[in-house]
Amino acid sequence: MIGPSGDAAMLDRAPSEVPALTSLVAAAEVGGQEPKDDTPLYAARRKIYPQRVSGTFRRIKWAVLLVTLGIYYLLPFLRWDRGPNAPNQAVLIDLPNNRFYFFLIEIWPQEVYYITGLLIIASLVLFLMNAVAGRVWCGYLCPQTVWTDLFFAIERLVEGDRREHMKRDGKRWTLDTYARKGIKHFLWLMVAWWTGGAWVLYFADAPTLVKELTFGTAPFVAYLWIGILTFTTYTLAGYMREQVCLYMCPWPRIQAALTDEYALNVTYRYDRGEPRCSVTKAKQLRAMGQPAGDCTNCKQCLRVCPTGVDIREGSSLGCIQCGLCIDACNAMMKKLGRPPGLIAYDTDVNIKLRMEGKEPFFRLVRVRTVLYSAIIAVAGGLMLYTLATRESEGISVIHDRNPMFVRLSDGSVRNGYTIRIVNKQLKKREFALSFNGLPATLIDLVGVPPREDGEPWFDVGPDQTHEIRVVVTDYGLPPPPKTAVVFRLTDIATGQQATAHDHFFAPEPR
Ligand code: SF4
Ligand code: SF4
């Protein structure tokens, strides 16, 4: 599985075609000459006109397209009641306040490891999908595939199916051609614009931003991002299409290294299809007792392919495993009264087994599928556990650097700290702060009056952080040069606690 037209692709072909490779090498070595590689470095693009097709995989692709685009366009409008002190948008990236809201979950900047965990799980799910059924992501779920599919649908709607479109493009352009192309580009731009528009809605209250965009009062950055994403969607889905999969995206290369011979892939069953010949020829050959394959060389599989790949040439990076060639070939087989599945999700191992007269099989439980599933389960479980048990308050301490301590005129030693308190609850809370580690100290919160009982306390607003300057003075025996100390934060109403560790510094004894 190396290149769309490279030698490795040739190795993937039916055994009957492989001698061509050995004879090429032999021919190149004649006379002791170095073999020449005349492969051009740049391949001119062939415009692809994929033909409309219907069948199981096409229906699956429509369903996935509707669900994924529906979620993307409508999710910012979904409301989620978090109480009076928090936004009510279900999914919101609140950059000004450094928060990410996802339904029940609120992620703070210091909890960005949850995002890392999610990315790790997403990668492993991708690996697992690849181990089970090849490039499922590429064929059905990748945004490039989904938007290109939508753009193809618009193109076919306006400019006609493959034959009509090719015919019109091949002739001198008329007013009708220009009008159709104009309408197509207008519709593409509308989809691209709405794609960019939906993206910015994830970064602000969606209904408010829609109003602001309508009346031209939205922030400039919103228009900028809509412009950038309109341009990229229009270019990538309208013009670059399969070029993104072939030349820009790293995933085909990565998945080629990750796959194994047991992964299901869209496969031309050459054991059944070869030698390919017309229906009449097949009848004649069979009547003479000679082998004839089921492939009629009708090229329907090639005509419906969105990336212009002939699956009969073997696996290649160009094949996104969308399954549309399966639908096209099954329709052809049905017409001819032959069984479906000449192209199907299958493995090379099974083809070899069938050729040896053995039973094919699919091995779902393999070392890699078990390993990926186990890591996903452990990582997911850990994340759920930490989310469910995470504390709703936090404290962090930074000791003054310069000076580390101050000796006062009465001989006592003073250290200064900056303390940040986090209140993750959506209500105002009162906290007390205590200090442990030295027997005779006085703790002073600069600018915060102590409670009646002398305890230092303060309040922190809902879903906010609060920074306090704290001065600790030791009046006891001369303390050691470095003592481990603990700051303890206590919610006065509930008794919930959080601690932070630091040190108290003093001069070396003389
Ligand atoms: S659609 Fe099926 S029968 Fe037609 S060329 Fe492709 S593999 Fe052969
Ligand atoms: S060869 Fe078949 S599965 Fe691969 S991209 Fe083309 S239509 Fe899709």
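Me: How do the residues of the shell around ligand 2 divide into nonpolar, polar and charged?

Reply: In this predicted model, local features need pLDDT of at least 70, side-chain atom pairs count only at pLDDT 80 or more, and totals for chains, interfaces and linings use all residues. Residues are numbered from 1 along each chain as its sequence is written, chains are lettered from A and ligands numbered from 1 in the order in which they are written, and side-chain values use heavy atoms, with hydrogens and water left out. For such a division, Ala, Val, Leu, Ile, Met, Phe, Trp, Tyr, Cys and Pro count as nonpolar, Asp, Glu, Lys and Arg as charged, and the others, Gly among them, as polar. The shell around ligand 2 has nine nonpolar, three polar and no charged residues. A residue is near a molecule if one of its heavy atoms lies within 4 Å of it, and the residues around ligand 2 include C305, C319, C322 and C325.

Me: Which residues come nearest to ligand 1?

Reply: Of the 13 residues around ligand 1, the nearest are C295, C298, K299, C301 and C329. Helix 15 (300-304) and helix 16 (324-336) are the elements that give two or more residues to this shell, where helices are DSSP runs (H or I, at least four residues) numbered from the N terminus. The shell around ligand 1 divides into eight nonpolar, three polar and two charged residues.

Me: How do helix 4 and helix 18 cross?

Reply: Two packed helices are described by the angle between their axes and the distance between the axes. Axes are lines fitted to C-alpha atoms, for helices over the stretch in contact (heavy atoms within 4.5 Å), and angles run from 0 to 180 degrees between N-to-C directions. The axes of helix 4 (residues 113-133) and helix 18 (residues 367-389) come within 9 Å and cross at roughly 155 degrees; the two helices are therefore roughly antiparallel, a word that applies to angles over 145 degrees. The residues of this contact divide into 15 nonpolar, five polar and one charged.

Me: In what order do the four strands of the open sheet lie?

Reply: Strands are also DSSP runs (E, at least two residues), and two of them pair if DSSP finds at least two bridges between them. The order here is 11-9-13-14, with antiparallel pairing, and the edge strands, which each pair on one side only, are strand 11 (457-460) and strand 14 (497-505). Strand 13 (residues 482-491) pairs with strand 14 over nine bridges, and the bridge partner of T483 in strand 14 is F504.

Note on methods:
Angles under 35 degrees count as roughly parallel, over 145 as roughly antiparallel, 65 to 115 as roughly perpendicular and the rest as oblique.
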